[in-house]
Amino acid sequence: MAEKPSVTIIWPGLATVMQEINQSLVPEALQKLFKKANFTVSDNSFEHELIQLFSTNMLSGPDLPTAQLRNPGQLSLCADPCYLHADRDRLLLFPITDLTMEEGTQLRESIQPLLNDFDAQLVPNDLNHWSIWLETMPDINLTAMSSLIGKSVASALPKGAEQNDWLRLSNEIQMVLFEHPVNQQRQSAGKLPVNSLWFWGKADWQPQANTWQQLYGDAALLKSLASATSTSLQPMTEWKSENTMTGQQLLVFPELDLQSNWPQRLEQNTTQHILPLLRKLRRYQIRQLRLIIPQHGQYVWRCWDVWKPW
């Protein structure tokens with residue numbers, strides 16, 4: 001007899017809601033469901049959790065293999081625009097998420113001459129995510145940007161045999177960007193300036209194919225992982241609770257945007273996705289439901305868990 005299907009959900013952005021001060025805003029049905037689950041705490045980022053689901057081995061170390069996913073077949077590093085905020089004696093990292101095409105072009109043109117000595121080319125993957133294409137991979141250890149958001153970068157600077165060259169490059173980039181006209185215009189408009197690039201994404205990755213029979217989601221990283229593992233992917237809007245489920249199914253929810261009407265989205269996802277899956281679990285139409293909340297942990301339910309009276 002074929003094994004019953006199982007469903008894994010990743011819900012980025014929900015960790016903030018799960019903090020004790022906000023838990024009263026979690027729908028009551030979801031609160032009750034959490035009490036029945038087997039919970040494992042984890043502070044891994046969304047990127048780490050998602051890549052792990054497509055990996056042969058456990059990911060280790062502070063970096064992620066994001067450059068390999070962004071630029072298949074091209075030796076590269078991620079070089080994402082960011083804002084380093086001076087907070088007393090610390091530098092805190094914040095990503096830039098609102099660059100225009102014209103701003104990005106002007107900034108990259110100013111930075112590129114600094115990369116010529118490294119035989120590197122600065123290229124955009126999209127408006128807010130860039131890479132440098134390389135002839136040889138540098139002997140340095142890096143830290144994933146996704147794990148540093150809002151945190152100090154002091155312990156995450158490049159380390160290794162060529163660290164001095166790359167620290168010097170970072171400093172030179174910061175000097176070029178310090179009074180760049182684009183940044184002056186952004187600050188006048190109340191936006192964060194781009195005052196640095198963060199180099200990361202060098203980690204090795206061994207993809208695991210044939211893990212997922214059905215993928216649903218719209219995240220750019222999910223699309224890269226689906227392509228790298230030759231797995232069919234459908235947009236999240238195509239998922240319906242009455243769909244036929246086979247094998248292992250992965251759903252990647254859109255990030256819960258805490259700047260918009262997130263309580264409505266929270267209620268909507270609970271009603272349209274999680275509770276229908278709970279009913280399937282009760283009827284043993286699926287064997288397991290797993291909810292991964294990046295930077296919080298994961299909840300796992302099997303059919304007998306949802307029949308618990310508490």
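Trainee: What covers the buried residues of helix 9?

Mentor: The cover includes strand 1 (6–10), helix 1 (14–18), helix 2 (28–35), strand 11 (288–293) and strand 12 (297–302). Keep in mind as we go that this is a predicted model.

Trainee: Which residues of helix 9 are the buried ones?

Mentor: They are Trp262, Leu266, Asn269, Thr270, His273, Ile274, Pro276, Leu277, Leu278, Lys280 and Leu281.

Trainee: How do you know that the length of helix 9 agrees with its number of residues?

Mentor: Helix 9 (residues 262–282) has 21 residues, and at 1.5 Å a residue these should span 30 Å. The expected span uses one less than the number of residues. The end C-alpha atoms of helix 9 are 28 Å apart, so the two values agree.

Trainee: Where is the kink in helix 9 centred?

Mentor: The kink is centred on threonine 270 and comes to about 35 degrees.

Trainee: How many residues has the largest nonpolar core, and which have the most contacts inside it?

Mentor: That core has 32 residues, and Ile9, Trp11, Phe34 and Trp301 have the most contacts inside it. At least two residues each come from strand 1, helix 1, helix 2, helix 9, strand 11 and strand 12. Helix 9 gives the largest share, six residues. Another core, of 31 residues, lies apart from this one and has Phe46, Leu53, Leu93 and Leu225 among its members.

Trainee: What does phenylalanine 34 touch?

Mentor: Beyond residues up to four places away in sequence, phenylalanine 34 touches Met18, Val26, Leu291, Ile293, Tyr299 and Trp301. Ring pairs also join Phe34, Phe39, Tyr299 and Trp301 into a cluster.

Trainee: How many aromatic pairs does the structure hold?

Mentor: There are seven aromatic pairs. To describe one, you give the distance of the ring centres and the angle of the planes.

Trainee: Why is the pair of phenylalanine 54 and tryptophan 212 called tilted?

Mentor: Their ring centres are 6.4 Å apart, and the limit for a pair is 6.5 Å. Planes under 30 degrees apart count as stacked and those over 60 as edge-to-face, with the rest tilted. The planes here are at 45 degrees, so this pair is tilted. The pair links distant parts of the chain, 158 residues apart. Phenylalanine 54 is in the loop between helix 3 (46–52) and helix 4, and tryptophan 212 is in the loop between strand 7 (196–200) and strand 8 (214–217). Both phenylalanine 54 and tryptophan 212 are buried.

Trainee: And what makes tyrosine 299 and tryptophan 301 a stacked pair?

Mentor: The centres are 6.1 Å apart, with 15 degrees between the planes. Stacked needs under 30 degrees, and the centres have to lie within 6.5 Å. Tyrosine 299 and tryptophan 301 are both buried.

Trainee: How many disulfides are there by the distance rule?

Mentor: The count is zero. Take cysteine 78: the nearest cysteine sulfur, in cysteine 82, is 12 Å away, whereas a disulfide needs sulfur atoms within 2.5 Å.

Trainee: Why are cysteine 78 and cysteine 303 called buried?

Mentor: The cut-off is under 20%. Cysteine 78 has a relative accessible area of 0%, while cysteine 303 is at 17% and therefore still counts as buried.

Trainee: Where does leucine 148 lie, and why is leucine 148 called buried?

Mentor: Leucine 148 is in the loop between strand 6 (129–133) and helix 6 (163–178). With a relative accessible area of 7%, leucine 148 is buried. Not counting residues up to four places away in sequence, leucine 148 touches Leu93, Thr143, Ala156 and Trp198. Leucine 92 is 56 residues from leucine 148 in sequence, yet 8.1 Å from it in space, C-alpha to C-alpha.

Key
Residues are numbered from 1 along each chain as its sequence is written. This is a predicted model: local features need pLDDT of at least 70, side-chain atom pairs count only at pLDDT 80 or more; totals for chains, interfaces and linings use all residues. Side-chain values use heavy atoms; hydrogens and water are left out. Buried means under 20% relative accessible area, exposed over 50%, partly exposed in between (1.4 Å probe, protein chains only). Helices (H or I, at least four residues) and strands (E, at least two) are DSSP runs, numbered from the N terminus. The bend at a residue is the angle between axes fitted to the seven residues ending there and the seven starting there. Contact means heavy atoms within 4.5 Å. A nonpolar core is a set of buried Ala, Val, Leu, Ile, Met, Phe, Trp, Tyr and Cys residues joined through side-chain atoms within 4.5 Å. Rings of Phe, Tyr and Trp (its six-membered ring) pair if their centres lie within 6.5 Å; planes under 30 degrees apart count as stacked, over 60 as edge-to-face and the rest as tilted.
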